[in-house]
Amino acid sequence: PVRREPLPQKRGRSGCKNGSSQYRGVTFCKHRGKWVAQVRTKGKQHNLCGYKDEEMAAKAFDKAVIKFRGKDADTNFPAEEYAEEMREMPGSVEEFICELRSEAKRQNKPKPTKTGYLLFWDHMRDRVKEGLTADLAEG
């Protein structure tokens, strides 16, 4: 994927002090090996889950900050990019955070690979199907 530059920060705002990410609200968690999006609102920090890609984490942060602070909030990318997605998102803050987390889990989930017994079982099932199809064709 092509790496996009974030929008310039507004005056008086500072980004991450250790420079682990160029995006607002995103840090790298060495322990988990993922980019973590976090947003703070009303004195409470909300962890929006871990992402394989830094830009995906920045987009999750943007959606959350728009939900919490409105469309004029400081975002990493233009707020217009999220207009349609935001209309489809649930109403309450808790439901919204749950939806962002489940979306992240779906995106981060690796494609399952079959090995060993499962691969053998699929092979045998296919052979049985071929045999049944051949029997039906013979009449």
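**Salt bridges in the predicted model**

Three salt bridges turn up in a search of the whole structure. The model is predicted. The pairs are Glu 55 with Lys 59, Glu 103 with Lys 63, and Arg 125 with Asp 122.

**Within helix α1**
- Glu 55 and Lys 59 form a salt bridge, with 3.8 Å between the closest N and O atoms.
- Both residues belong to helix α1, which spans residues 54-69.
- They sit four residues apart, so about one helical turn separates them.
- Glu 55 is buried because its relative accessible area, 13%, falls under the 20% cut-off.
- Lys 59 counts as partly exposed, at 29% relative accessibility.

**Between helices α1 and α3**
- The side chains of Glu 103 and Lys 63 meet in a salt bridge, at 3.0 Å from N to O.
- Glu 103 lies in helix α3 (residues 93-108), while Lys 63 lies in helix α1, so this pair ties together parts that are 40 residues apart in sequence.
- Glu 103 counts as buried, with 17% relative accessibility.
- Lys 63 also counts as buried, at 5% relative accessibility.

**Within helix α4**
- Arg 125 and Asp 122 make a side-chain salt bridge, with an N to O distance of 3.1 Å.
- Helix α4 (residues 116-138) holds both Arg 125 and Asp 122.
- Their spacing is three residues, about one turn of the helix.
- Arg 125 counts as partly exposed, at 37% relative accessibility.
- Asp 122 counts as buried, at 15%.

Definitions and conventions
Residues are numbered from 1 along each chain as its sequence is written. This is a predicted model: local features need pLDDT of at least 70, side-chain atom pairs count only at pLDDT 80 or more; totals for chains, interfaces and linings use all residues. Side-chain values use heavy atoms; hydrogens and water are left out. A salt bridge is a side-chain nitrogen of Lys or Arg within 4 Å of a carboxyl oxygen of Asp or Glu. Helices (H or I, at least four residues) and strands (E, at least two) are DSSP runs, numbered from the N terminus. Buried means under 20% relative accessible area, exposed over 50%, partly exposed in between (1.4 Å probe, protein chains only).
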